[in-house]
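Visitor: I would like to learn how to read a protein model. Could you take me through it one feature at a time?

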Amino acid sequence: MTKTTALLRTACYGAVILLLLLLCGPPALLAFHRPPPAPVQKSALTPAPDAKPTKPAKPATRAAADGFVPAPPGGPLYDTLTVNRRRASNLPTELPAAVPYYGERTVYLTFDDGPDPDVTPDVLRILRQAGVPATFFVVGLEAEKSPDLLRQIYRDGHAIGNHSYNHVYRDLYRSPAAYTAQLRRTDDILMKHLGVRPRISRAPGGSAGSFTDAYWSALATEGYRDIGWNVSAEDASRANGAEIAATVVRQMDDGKYLWSHAIVLMHDGRGHEETARALPAIIKYFKDRNFEFRVVNLETPPAW
Ligand SMILES: [Zn+2]
């Protein structure tokens, strides 16, 4: 009899604990979600509908347990909570460690400074036609001006990264707090239009020379991964499309050690029409050599 009572009591406790877990679960479960399927292969890239998007682009639908689960291999990673929300909910802000992905031939096409109404649509069209994914490090100020383009990037399955709010060096590099404040401001804009925010960022002008240890530690605390590059299209110059493509080809041919994780820096900001002109030849170079096109996520190895 006593044994039965004890058993019953244990079962009751178990049920209560299970109920509590179920009740407390949802906030943690909603913290991260898996974005649209990884656009690694041509067939996985969602063709963009012609119709104007409704907003936000596509709310988060699936979440992972325990606050964090990495995106599917090759897929972009987004967070449904801002840094401030995470803090308020006692959820971790730091990023977990991830195993770097070194393929035999892997390329990450990245575009900074957009979205821009003249350049980004061409870049998106070329990527769509080629069936390859890319990563866009957007400037908050530009995203505010072109929310439809921002949503288009997201819906096409590309990754979105944070490239500060105003891209003005003297503002950004005044202090680590000034820098992360700009990241948060851009996050809020992305959150408003997409319902999610990225966990990857790229320092305007590059982290080298601008970041002290204090910047790196502020980034780590707030949970952003800074993404560099190891191939530059050098498209900030007056080079034309053919020259830009040739620059990428030369660096790839000369740097076979980069083939496992080539991170190509390009720009889709204002005035970068020549980059869009160069893009088909750049994509062709990588396709002809059987490169895998991936978007930047936590598995992306350090550039150097
Ligand atoms: Zn930039």
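Visitor: Which residues in α9 meet which residues in α10?

Guide: First, a caution: this is a predicted model. In α9, the residues are G241, I244, A245, V248, V249 and M252, and they meet E274, T275, R277, A278, A281, I282 and Y285 in α10. By type, the residues of this contact are nine nonpolar, two polar and two charged.

Visitor: At what angle do α9 and α10 pack, and how far apart are their axes?

Guide: Two packed helices are described by the angle between their axes and the distance between the axes. For α9 (residues 241-254) and α10 (residues 273-288), the angle is about 35° and the axes are 7 Å apart. The crossing of α9 and α10 is right-handed.

Visitor: How do α7 and α8 pack?

Guide: Helix α7 covers residues 176-194 and helix α8 covers residues 213-222; they pack at an angle of about 35°, with axes 9 Å apart. P176, Y179 and T180 of α7 make the contact with A214, Y215, A218 and E222 of α8. These residues divide into five nonpolar, one polar and one charged. The crossing of α7 and α8 is right-handed.

Visitor: How many helices and strands does the protein chain have?

Guide: The chain has 10 helices and 11 strands. It has 304 residues, and 39% of them count as buried.

Visitor: Which residues touch the most other members of the largest nonpolar core?

Guide: They are V107, Y108, V248 and V264, in a core of 57 residues. Helix α10 supplies the largest share of this core, six residues. Take V264 as a case: leaving aside neighbours within four places in sequence, V264 is in contact with V107, Y108, L109, T110, W229, V231, A233 and V248. V248 is also one of the α9 residues that meet α10.

Visitor: Is R225 buried or exposed?

Guide: The way to decide is to count the other C-beta atoms within 10 Å, and 20 or more make a residue buried. R225 has 20 such atoms, so R225 is buried. R225 lies in strand β8 (residues 225-226).

Visitor: What does R225 touch, not counting residues up to four places away in sequence?

Guide: R225 touches L95, R199, I200 and L298. R225 and L95 are 130 residues apart in sequence, yet their C-alpha atoms are 7.8 Å apart in space. Across the chain, among contacts between residues at least 6 apart in sequence, 84% join residues at least 24 apart.

Key. Residues numbered from 1 in each chain as written. Predicted model: local features only at pLDDT ≥ 70, side-chain atom pairs only at ≥ 80, totals over all residues. Axes fitted to C-alpha atoms, helices over the stretch in contact; angles between N-to-C directions. Helix = DSSP H or I, 4+ residues; strand = E, 2+ residues; numbered from the N terminus. Left-handed = near helix turned anticlockwise from the far one by under 90°. Contact = placed C-beta atoms within 7 Å. Nonpolar A, V, L, I, M, F, W, Y, C, P; charged D, E, K, R; others polar. Buried ≥ 20, exposed ≤ 12 C-beta atoms within 10 Å, placed from the backbone. Core = buried A, V, L, I, M, F, W, Y, C linked by C-beta atoms within 7 Å.
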